[in-house]
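Dear colleague,

Please find the structure we spoke about handed over below, with my notes after it.

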Amino acid sequence: MSDLAGKTIIITGASRGIGEATARHMSGLGANVVLAARSVDAITALADELGSNATAVPCDVSDWKQVSELIGTTQTKFGTVDVLINNAGVIDPIARIEDSDPAAWGIATDINVKGVYHGMRAAIPVMVAQGHGTILNISSGAATGALEGWSHYCATKAAVLSLTRCGDEECRAQGLNVIGLSPGTVATDMQRNIRDSGLNPVSKLDPSVHIPADWVAKSLAYLCGPGGDAWRGQDFSLKSDQGRAEVGLPSVSG
């Protein structure tokens, strides 16, 4: 178990799904958690529930100014930025390229790619000045694959993987860990939208194969510790027995 007591962790997309589960898990480990999302009511309620070591900061990650202010607010309240978890992302709207809406495709890029870049751009100078820090980017098997209707998601997750690699190349020598996490399919609201699309094999998966969001949270906590060192500049996968065994989760075969 990583020793996260007293560490300050920023989680984007913290209003639900993986982000909410991660906030709860990290808070339970004694970390200070900064909940960032556009859904103000949801993150405010969650912060109130978690207590004095949690704070809600409304933030649209596609807006550089808001992300920069998120980092500054965190420093002011807790003094450090030990971990940034770039979790915010969208998979809508799912559509074949010829049917896709260019404006919606662009919004997905702004959130999924620029949102991660904004977080890294704002956090890295602070972490370098501290001499330590961990950035965890939520990735996907889509980063290295191709799926019908997911051109926006596959392209943006491929970009996130590249940002992880570039961040590691530039920052490892300065004491930072930049790591990706590819969780596989997770039992969140996103799966309902995927299923409703009826496109590609992922929409046909039985719900029983989706892993709980708290498994992802536990994996993120693991990567914050020494276990993450071997995965710098790479995507750690929860779709393999090796990855799950490292975290202490059930094997793929159950």
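The notes below go from the overall fold to the cysteines.

This is a predicted model, in which local features need pLDDT of at least 70 and side-chain atom pairs count only at pLDDT 80 or more, while totals for chains, interfaces and linings use all residues. Residues are numbered from 1 along each chain as its sequence is written, and side-chain values use heavy atoms, with hydrogens and water left out.

The protein has eight helices and seven strands, taken as DSSP runs (H or I of at least four residues for helices, E of at least two for strands) and numbered from the N terminus. Its radius of gyration is 17 Å, close to the 18 Å that the globule rule gives for 254 residues, so the protein is as compact as a globular protein of that length; the radius is taken over C-alpha atoms, and the rule is 2.2 Å times the number of residues to the power 0.38. Along the principal axes, the C-alpha atoms fill a box of roughly 45 × 40 × 40 Å.

Of the 254 residues, 51% are buried, where buried means under 20% relative accessible area (1.4 Å probe, protein chains only).

As for disulfides, meaning pairs of cysteine sulfur atoms within 2.5 Å, the count is zero. C59 is in no disulfide, the nearest cysteine sulfur being that of C224, 19 Å away, and C59 is buried at 4% relative accessibility. The sulfur of C171 is too far for a bond because the closest cysteine sulfur, in C166, is 10 Å from it; C171 is also buried, at 2% relative accessibility.

Best regards

Terms used
Buried < 20%, exposed > 50% of the residue type's maximum accessible area, 1.4 Å probe, protein only.
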